[in-house]
2 protein chains.
Amino acid sequence: MDVEEFRKAGYAAIDQICDYYNTLPERNVKAEVEPGYLVKQLPMAWPNASQKKRFQKPRTDMWPTGLLSSWVVDPGDAHGPVGEADASLSLPSLLVFPPRLPFALSLTAPPRHVPVEIAADFQSKIIPGITHWQHGKFFGYFPGIVTFESILGDMYSSSVTNPGFNWTCSPACTELEQVVMDWMAQILGLDSDFLTSSGHGGGTIGNSASECALTATIAARERALRTIARQSNGYSDADSLTPIDVPTAIRQEHTKKLVMYGSTQTHSLGVKAGVILGMPFRSLPVHVEDGYALRGDTLKKAIEEDIAKGLTPFMVIGTVGTTSSGAVDYIAELGEVVKQYPTMFMHVDAAWAGIAFALPEQRERLRLAEVNKYADSFCTNAHKWGLVGFDCSLFFVRDRRDLTEALDVTPAFLRTKEGDAGTVIDYRNWQLSLGRRFRSIKLWFVLRSYGVEGLQKHLRSGVNLCGELAKHIEQTPNFEIVTPPSLGLLSFRLVNDGERASDEELNKLNADLNNRLAHHPEVMLTQTLLKTPESEIFCIRFAIGGRTTTLDDVKHVFSVVEAEGKAALSAWKA
Amino acid sequence: MDVEEFRKAGYAAIDQICDYYNTLPERNVKAEVEPGYLVKQLPMAWPNASQKKRFQKPRTDMWPTGLLSSWVVDPGDAHGPVGEADASLSLPSLLVFPPRLPFALSLTAPPRHVPVEIAADFQSKIIPGITHWQHGKFFGYFPGIVTFESILGDMYSSSVTNPGFNWTCSPACTELEQVVMDWMAQILGLDSDFLTSSGHGGGTIGNSASECALTATIAARERALRTIARQSNGYSDADSLTPIDVPTAIRQEHTKKLVMYGSTQTHSLGVKAGVILGMPFRSLPVHVEDGYALRGDTLKKAIEEDIAKGLTPFMVIGTVGTTSSGAVDYIAELGEVVKQYPTMFMHVDAAWAGIAFALPEQRERLRLAEVNKYADSFCTNAHKWGLVGFDCSLFFVRDRRDLTEALDVTPAFLRTKEGDAGTVIDYRNWQLSLGRRFRSIKLWFVLRSYGVEGLQKHLRSGVNLCGELAKHIEQTPNFEIVTPPSLGLLSFRLVNDGERASDEELNKLNADLNNRLAHHPEVMLTQTLLKTPESEIFCIRFAIGGRTTTLDDVKHVFSVVEAEGKAALSAWKA
């Protein structure tokens with residue numbers, strides 16, 4: 001495709017995206033497809049117009065699942081592996097061809113598909129399998145929205161693609177990220193320690209809150225081991241100890257004793273960081289009377305238990321806005337406990353809710369001052385409620401050395417004069433991967449277009465709609481709010497208003513309701529289980545935050561819930 | 001921005017991208033900016049036209065580095081933190097405002113910037129700081145190219161953004177990835193075990209080769225621990241043991257004994273995986289006579305040494321196409337060693353070179369048959385030489401349970417009926433993060449547009465140009481090829497043809513040449529250090545693979561190298 005062909009195809013793609021958004025309100029929010037719907041429609045080998053005629057019906061006897069059970073190529077028509085080089089095929093290149101395939105694939109001279117054909121397939125084959133996260137009636141999981149401004153920013157990013165690992169890879173990529181992350185820190189009201197311009201802390205864009213939490217955990221582990229090494233060897237605090245400098249004996253002896261904490265309400269990113277690093281993550285109990293938030297006493301007790309067992313506490317993940325109910329952990333209480341143990345590190349995960357720090361009226365409830373005082377690192381996703389398309393996780397650390405001392409690996413082929421001089425940031429040393437996308441540009445587009453006020457208006461709209469929904473549910477027979485609105489999120493359940501059933505029975509009833517809703521194309525809601533030592537409540541989450549969501553959208557979806565609820569209640573009573 | 005505004009801005013963005021590519025040949029490949037060039041140009045607070053007047057010159061006495069040394073806001077003009085909610089500010093929300101900032105920021109009512117202004121800033125501020133990886137004369141690191149087809153695919157991806165962690169998130173995203181990864185496996189000639197349609201192996205798209213190698217290392221660690229647990233507990237091989245099922249005592253006792261291997265030529269992703277997981281990575285020596293490739297004997301010897309010390313070998317990373325010289329490890333030799341130790345796992349990193357498996361004539365040299373016979377996992381980056389924009393790492397495993405048994409964490413809020421039924425793939429259990437971009441679509445666009453032949457033609461062009469360059473260097477006085485062409489890569493150095501200097505002296509000479517080239521705006525080359533027990537050679541890499549690169553581009557850049565080489569030699573002799 002040359003430049004002029006791209007211009008045409010690009011305009012057409014823009015038009016198609018416009019059509020998509022113009023018709024979105026008329027679509028059902030949920031993809032109405034069954035598993036395998038697309039696999040069945042696409043050829044298993046190269047798309048080749050002339051090949052289609054040769055596809056046969058499935059030979060399921062030969063293949064367990066997936067592609068091959070749908071279409072196989074007629075072996076009678078095959079003539080060798082890849083392309084025109086057949087004549088020159090050496091023995092090894094023939095050998096490598098999948099020996100278990102019951103046929104040889106015809107990959108010769110596939111016709112090039114012109115963009116208009118691919119675009120048509122996008123419409124007819126891909127779009128039906130899209131769950132419309134941009135739909136005004138999407139209330140599942142968390143908002144995961146994109147804006148036109150973000151799409152534009154990403155287009156510019158794609159056009160100058162580069163792996164961005166060093167400043168030299170493309171200075172603009174590193175420096176724009178420094179600037180927009182400092183903007184974000186200020187918009188969110190973060191302490192100046194978290195600004196890159198502070199010279200010691202800083203922000204970087206990661207691809208997900210899980211990745212950021214994992215990165216924080218690694219930083220915490222290494223800091224704890226350095227602390228132990230310092231204590232053992234009499235190093236002063238000022239000495240920088242890179243990972244390699246932690247003596248092997250100390251690493252071997254102490255790593256296995258390290259233990260990290262969160263609550264039963266911590267996002268699975270906590271357990272997953274533990275699983276990835278092979279370290280125990282203790283999910284501490286929360287209580288209904290604390291609004292499912294983790295308290296300092298609970299942490300303190302767990303730490304003391306573990307120390308008595310000879311273990312070493314090294315990390316707690318505090319959450320601002322839990323996934324299940326939007327609970328906000330008692331950050332200051334946790335922080336006061338953390339302070340007592342020199343090996344401890346606090347990461348605050350605010351993947352969904354943190355963006356609401358942009359709203360001054362929410363800062364107290366969301367404990368921003370406590371985060372500012374106690375957190376070593378903090379993460380919120382601009383790609384959830386924050387108007388920027390996936391991926392754009394905002395990750396801030398109070399001391400960038402926590403990252404660089406854990407993650408800096410610089411072989412000869414990655415050295416640069418600027419990196420050696422220490423005058424630039426090489427973000428590869430702040431993250432797990434080497435390469436990275438130019439993600440700051442979409443954030444730049446969004447922030448400049450929306451402004452603080454635009455972002456605040458959008459966030460307040462979600463909060464207000466959730467308040468309206470709560471009022472409505474309170475007035476609706478046979479429904480109750482389980483956890484009250486936290487920003488744009490609430491959870492509710494179906495109950496029998498007369499003779500109240502037990503939680504166990506209600507859980508079954510709501511599992512049935514949830515199953516009914518899972519089959520309804522107009523409803524995209526997700527469920528959760530609120531577990532405490534005292535109770536276990538299955539409920540349904542309603543997460544508001546779409547860019548175009550209106551009160552009518554909310555009401556409409558809840559009217560479906562009401563109708564399905566009636567049916568579920570009738571079935572249950574019968 | 002509404003749909004019609006987006007249409008206009010989108011067309012304009014397409015036009016700007018077209019202009020960029022039309023003018024690219026006239027630009028210098030390297031960004032001609034100094035550290036801080038962009039930070040100095042952008043306001044540290046919100047971009048706000050009226051605010052600019054209030055910026056003052058730096059107060060460097062108060063701030064160490066970065067943004068704040070460039071611009072600070074006049075405190076006299078400040079009137080509180082964020083937006084119009086000032087009047088309702090509660091004490092805590094005031095408290096959270098960065099206490100160390102010597103001023104209060106004015107974030108009130110920032111004007112919305114229209115796309116045309118942002119786009120203009122992209123041209124005037126961002127583009128000058130872009131190193132042009134898409135330039136025909138880019139020969140640094142490795143090719144990191146994008147095609148118009150990839151840009152189009154990414155636009156469609158952005159338009160339906162979603163976090164894609166479950167099949168239900170958007171069925172199309174999961175299923176298209178299954179299909180195109182099976183296409184890629186076939187195009188590369190991978191064993192059918194690596195196809196998702198095999199039912200047991202499969203491919204998934206990661207964001208970088210580092211991430212994939214890390215994921216493979218975690219899979220390897222868990223498989224080794226399960227193997228040890230089985231041996232200890234008499235489980236049969238058929239039992240599936242998830243991470244949680246490895247007894248804590250076994251995990252604690254054995255994790256610290258695990259050791260992984262690669263060579264001194266393994267990409268830093270090996271060392272980094274070790275650093276991240278807190279496990280030792282042994283960089284084994286290679287030799288010049290083996291072409292810097294790792295041999296089985298070397299691995300065997302290291303393993304035996306470690307076993308004698310009571311350690312447990314669990315992983316080797318074999319490389320097809322090392323970063324420094326394009327060496328191909330002796331995969332079959334390594335594989336035969338791996339087979340002898342039940343806890344061992346082999347990951348093959350072919351980040352750059354693996355895409356060339358699409359060329360039948362390269363398969364023998366690149367040891368495809370050996371990869372097919374011995375590798376547990378394999379990674380190559382479509383986003384390097386493979387015509388797809390960053391990020392698109394193709395990661396294949398022979399047994400998907402190696403991933404899911406290490407990484408599956410499913411809390412209540414992530415359960416779906418399809419996931420519970422096991423009829424779909426939930427890629428979150430194949431990777432570190434939860435969320436993921438819809439990346440298969442850019443690969444789909446590229447594969448359908450280019451076809452196998454288009455991809456092959458592109459790859460062969462790079463190989464041929466490198467051959468031409470090698471011939472030219474051989475005929476050039478005072479230059480020698482250090483490692484011969486491996487696909488599109490060779491390394492060379494400056495020598496004094498008369499009285500030959502020692503390697504040590506030549507290394508200094510070439511470091512000087514490299515420094516001269518680093519300052520030349522028309523040259524983008526990178527250096528490396530080839531280290532063996534016998535020698536240490538500093539040389540310059542020439543990595544060819546641009547989409548539009550011609551012989552003239554190659555010759556032109558090398559003519560600059562020749563001229564700078566002359567200058568370096570003169571200075572050296574003087």
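1. Within strand β13 of chain A, A:Ile540 is the bridge partner of A:Phe492. Helices (H or I, at least four residues) and strands (E, at least two) are DSSP runs, numbered from the N terminus. The two strands concerned, β11 (residues 489–494) and β13 (residues 536–543) of chain A, pair in the antiparallel sense over four bridges; strands count as paired if DSSP finds at least two bridges between them.

2. The model is predicted: local features need pLDDT of at least 70, side-chain atom pairs count only at pLDDT 80 or more, and totals for chains, interfaces and linings use all residues. Residues are numbered from 1 along each chain as its sequence is written, chains are lettered from A and ligands numbered from 1 in the order in which they are written, and side-chain values use heavy atoms, with hydrogens and water left out.

3. The β11–β13 pair of chain A belongs to an open sheet of four strands, ordered β10-β11-β13-β12, with antiparallel pairing. At its edges lie β10 (479–486) and β12 (526–531) of chain A, each of which pairs on one side only. On average, neighbouring strands of this sheet are turned by 35 degrees against each other, direction ignored. Axes are lines fitted to C-alpha atoms, for helices over the stretch in contact, and angles run from 0 to 180 degrees between N-to-C directions.

4. Which helices of chain A pack on this sheet? Helix α15 (residues 440–474) touches β10, β11 and β13 of chain A, and its direction makes about 160 degrees with that of β10(A). Helix α16 (residues 503–518) touches β10, β11, β12 and β13 of chain A, at about 35 degrees to the direction of β13(A). Contact here means heavy atoms within 4.5 Å.

5. In chain B, strand β12 (residues 526–531) pairs with strand β13 (residues 536–543) in the antiparallel sense over six bridges. A hairpin of four residues joins β12(B) to β13(B), and B:Cys539 in β13(B) is the bridge partner of B:Thr528.

6. How many residues does each chain bring to the contact? Chain B gives 189 and chain A gives 190. About 16,400 Å² is buried between them, 66% of it from carbon and sulfur atoms; buried area is the accessible area (1.4 Å probe) that two parts lose on being put together, summed over both.

7. Eight salt bridges are counted between chain B and chain A, a salt bridge being a side-chain nitrogen of Lys or Arg within 4 Å of a carboxyl oxygen of Asp or Glu. In the salt bridge between A:Arg7 and B:Asp15, the closest N and O atoms are 2.8 Å apart. Helix α1 (residues 3–23) of chain B gives the most to the side of chain B that touches chain A, with 16 residues.

8. Over all chains, the count comes to 73 salt bridges. One of them joins A:Arg295 to A:Glu333, with the closest N and O atoms 2.6 Å apart. This pair links distant parts of the chain, 38 residues apart: A:Arg295 in the loop between β5 (281–284) and α10 (296–308), and A:Glu333 in helix α11 (residues 331–339) of chain A.

9. Most residues other than glycine have a negative phi, and most peptide bonds are trans. A:Tyr141, in the loop between α4 (115–126) and α5 (148–159) of chain A, has a positive phi of about 35 degrees although it is not a glycine. A cis peptide bond joins A:Phe390 and A:Asp391, with omega about 10 degrees; another joins B:Phe390 and B:Asp391, with omega about 5 degrees.
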